[in-house]
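Here are my notes on the model you sent.

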Amino acid sequence: MRPKSVEELVGAVQEANKEGRRLLPVCRGSKAYMGPPVEYDEELQLGDMPKVVEVDEDEMVLRTSACVDAVELQEGLRKRGRRLALDPPLFRRSSIGGILSTNFYGPMAYRYMTPRDQLLSVKIVTGRGELMRFGAPVMKDVAGYNIKRLVAGSWGTLAVIVEAYMRIYALPDSVAVSATYRRPLAEVRRLRPTGAVESDGVLYLRFEGVKSEVEHRISAAGRGEIYYGAEAEEKWAEVTGAEDLFDRGEVVKVVSPPASLPEPPPGVRYIRYPLLGVMYLAGEPPGGAKAYWLKPQRRWEVENADLMAKIKRVFDPNGVLSPGRLP
């Protein structure tokens with residue numbers, strides 16, 4: 001099923017309700033087959049939907065359709081001196097809709113928060129086949145329930161994201177990345193990086209801002225290889241993208257308070273966000289850790305499953321969208 005307009009998408013979901021068909025929404029598919037398994041009859045391929053990108057450089061707001069390629073969008077923003085402050089795993093393979101649907105985030109969330117937090121407004125088609133918009137394309141929006149945050153991270157179980165308004169940021173004057181040795185959490189915090197990611201025993205620290213401040217932070221970071229400018233951006237994208245890790249047959253996400261983030265098992269490929277308390281690894285998680293399997297697909301143990309099931313029935317009473325993935 002490949003709708004080519006919003007009207008066709010609404011009609012497709014309404015028809016699926018009538019016929020009892022179950023759909024799996026897909027843009028680029030980089031994360032469609034991760035996480036809890038989905039019991040579906042047909043893919044809802046959204047790649048033929050109209051592509052819309054509008055940038056308000058004064059208000060620092062971006063309007064984008066869901067299936068816009070994340071890398072192409074970032075490159076277009078850079079030409080305007082703007083950017084998305086996003087660095088999730090598989091960024092180079094992702095659409096904006098896929099990032100929002102899963103709320104995948106990277107180490108820069110320490111400074112800029114997650115995609116869910118950067119989302120200002122969202123247009124969706126619910127599992128009922130209703131076209132709705134929540135939020136407003138402004139920085140401050142406090143009217144009513146914050147439904148847009150509910151949709152982001154729902155893994156396509158409540159609605160199909162059609163369009164989003166998101167925060168954008170000015171490109172920093174200077175960017176540097178230091179590849180250095182591992183160190184205690186308190187020491188990493190004192191260095192005040194924009195983000196920190198550990199990959200296979202190497203700690204990568206990102207610093208950005210005015211040149212003098214970046215140089216000061218880099219010098220405080222101690223010994224290690226240093227990358228600047230475009231080279232720094234490329235190294236950061238390579239490490240945070242973690243494509244070699246996510247291409248493996250086993251991938252699990254571990255979450256905990258940063259101070260108690262467990263050590264990875266010996267010899268296991270991993271990336272770790274020490275400032276955020278998140279680790280992805282290729283293999284069994286450490287004993288006692290709160291873990292979510294992404295590959296192979298397994299059910300997740302989630303809190304408040306009964307409440308989540310009630311919310312699902314409001315948006316998608318017939319279980320049309322990604323059924324079985326979440327309660």
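1. In this predicted model, strands S15 (residues 270-273) and S16 (residues 278-281) run antiparallel and are joined by 4 bridges. Across this pairing, Ile-271 sits opposite Tyr-280 of S16. The hairpin that the two strands form has 4 residues between them, and Gly-277 there has a positive phi near 75°.

2. S15 also pairs with strand S11 (residues 195-199), again in the antiparallel sense, over 2 bridges. Here Ser-199 is the residue that stands opposite Ile-271.

3. Which way do the side chains of S15 point? Tyr-270 and Arg-272 point one way, Ile-271 and Tyr-273 the other. In a regular strand, side chains alternate between the two faces of the sheet. Despite facing opposite ways, all of these S15 residues are buried, Arg-272 included.

4. The largest nonpolar core holds 30 residues, and Phe-246, Tyr-280 and Leu-294 touch the most other members. The elements giving two or more residues to this core include S15 and S16, along with strand S17 (290-295), strand S10 (174-180) and helices H4 (109-112), H9 (229-241) and H10 (243-246). Another core, of 28 residues, lies apart from it; Val-55, Met-60, Leu-86 and Ile-96 are among its members.

5. What does Phe-246 touch, leaving aside residues up to four places away in sequence? Its contacts are Met-34, Pro-89, Leu-90, Phe-104, Val-251, Tyr-280, Leu-294 and Lys-295.

6. Helix H9 has 13 residues and covers 18 Å from first to last C-alpha, close to the 18 Å expected at 1.5 Å a residue. Its buried residues are Ala-232, Lys-235, Trp-236, Val-239, Thr-240 and Gly-241. An α-helix has 3.6 residues a turn, so residues three or four places apart point the same way. The cover over the buried residues of H9 includes S10, S11, strand S12 (202-209), strand S13 (225-228), H10 and S15. Just after the helix, Ala-242 takes a positive phi of about 50°.

7. For the chain as a whole, there are 11 helices and 17 strands. The radius of gyration is 20 Å, close to the 20 Å given by the globule rule for 327 residues, so the chain is as compact as a globular protein of that length. Along the principal axes, the C-alpha trace spans about 65 × 50 × 35 Å.

8. Buried residues account for 54% of the 327 in the chain. Of contacts between residues at least 6 apart in sequence, 68% join residues at least 24 apart.

Conventions. Residues are numbered from 1 along each chain as its sequence is written. This is a predicted model: local features need pLDDT of at least 70, side-chain atom pairs count only at pLDDT 80 or more; totals for chains, interfaces and linings use all residues. Side-chain values use heavy atoms; hydrogens and water are left out. Buried means under 20% relative accessible area, exposed over 50%, partly exposed in between (1.4 Å probe, protein chains only). Two strands pair if DSSP finds at least two bridges between them. A nonpolar core is a set of buried Ala, Val, Leu, Ile, Met, Phe, Trp, Tyr and Cys residues joined through side-chain atoms within 4.5 Å. Contact means heavy atoms within 4.5 Å. The expected span of a helix is 1.5 Å times one less than its number of residues. The radius of gyration is taken over C-alpha atoms; the globule rule is 2.2 Å times the number of residues to the power 0.38.
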